[in-house]
Amino acid sequence: MESPEDGREPIVRAATRLFAALGYDGTSIAQIADSAGREPADVHVHFATKREIYLEVMEQARGLLGCVVEAGAGELLNAPPERRPEALHRFIDEYLDMCVAHPEAPALWMHRWLSDASDIADVEDNSTQPLIQFAVDSVATVARPAGADPLHTTYTLIWCIHGFALSGVLDGTGHRCGVEDVRQLGRFRAHMHLMLGRALDLPEPEPEGPATAP
């Protein structure tokens, strides 16, 4: 017999895919049920409303964001000045890697930035805003000494990574290359390191490599 939690999970997975692709406003309970292989009545056994499903989906997305911010931004916040360039690079890498591994996360946030589910403010007010503020406070350790704006520096990191993770870039032939293209992903990663490092007037970390004989 299927447990209540087992019954919820396929619904949440289906809703995550649909909300990421179509947005909250463009997704119906009937679509979620069909994608999950359920009847609409089965969905309502676990969730009274589409709003409840959305809040569950966004809480999981917030969990992914939280793991990266608490680790990466936490390291940057506590790093001594000489280790901050390396800590910033790791924060960039960890955030990018999360978006590559979980493309639904940037897609869900992108829809919200375009005013999807604008009547549901709980996501930012109750959970995401403290995380973003923690990231801003961490970035401030490298932004303020350079005379840069910590808030907009943080959002530059987020916007650029979300944009590349979702859309990639056009190469010289008009072909769209994204995170599945290992070479382009490496180029984008290096670009983010260079762009933010130079914007914040940070020394470039020493490249890692085998020690040379004296």
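At 19% relative accessibility, D93 counts as buried, because the term covers residues under 20% relative accessible area, with exposed meaning over 50% and partly exposed the range in between (1.4 Å probe, protein chains only). This is a predicted model in which local features need pLDDT of at least 70 and side-chain atom pairs count only at pLDDT 80 or more, whereas totals for chains, interfaces and linings use all residues. Residues are numbered from 1 along each chain as its sequence is written, and side-chain values use heavy atoms, with hydrogens and water left out.

D93 is found in helix α5; helices (H or I, at least four residues) and strands (E, at least two) are DSSP runs, numbered from the N terminus. Not counting residues up to four places away in sequence, D93 touches R189 and H193, where contact means heavy atoms within 4.5 Å.

## Salt bridges

D93 forms a salt bridge with R189, with 3.3 Å between the closest N and O atoms. This pair links distant parts of the chain, since D93 lies in helix α5 and R189 in helix α9, 96 residues apart. A salt bridge here is a side-chain nitrogen of Lys or Arg within 4 Å of a carboxyl oxygen of Asp or Glu, and by this rule the count comes to six. D93, D97 and R189 are linked in a network of such bridges.

Two further salt bridges can be described. The side chains of E9 and R13 meet at 4.0 Å, N to O, and both residues lie in helix α1, four residues apart, about one turn of the helix. E9 is partly exposed at 32% relative accessibility, and R13 is likewise partly exposed, with a relative accessible area of 44%. An α-helix has 3.6 residues a turn, so residues three or four places apart point the same way. R83 forms a salt bridge with E86, the closest N and O atoms being 2.7 Å apart; R83 is partly exposed at 41% relative accessible area, and E86 is partly exposed at 22%.

## Helix α9

Helix α9 spans residues 182-199, and its 18 residues reach 26 Å from the first C-alpha to the last, close to the 26 Å expected at 1.5 Å a residue, the expected span being 1.5 Å times one less than the number of residues. At the start of α9, a side-chain oxygen of D181 reaches to within 3.1 Å of the backbone nitrogen of R183. After the helix comes D201, whose phi is positive, near 55 degrees.

The buried residues of α9 are Q184, L185, F188, R189, M192, H193, L196 and G197. What covers them includes the helices α5 (84-101) and α8 (150-167), together with β1 (169-170) and β2 (176-177).

## The largest nonpolar core

A nonpolar core is a set of buried Ala, Val, Leu, Ile, Met, Phe, Trp, Tyr and Cys residues joined through side-chain atoms within 4.5 Å. The largest one has 58 residues, of which F19, I53, Y54, F91, Y95, L157 and I161 touch the most other members. Elements giving two or more residues to this core are α1 (4-22), α2 (29-35), α4 (50-78), α5, α6 (104-113), α7 (122-143), α8 and α9, and the largest share, ten residues, comes from α4.

Leaving aside its neighbours within four places in sequence, I161 is in contact with I92, Y95, L96, C99, F188 and M192. Of these, F188 and M192 are among the buried residues of α9.

Notes. A polar contact is a pair of N or O atoms within 3.5 Å; within protein, one must be able to donate a hydrogen and the other to accept it, and residues adjacent in sequence count only if both atoms are side-chain atoms.
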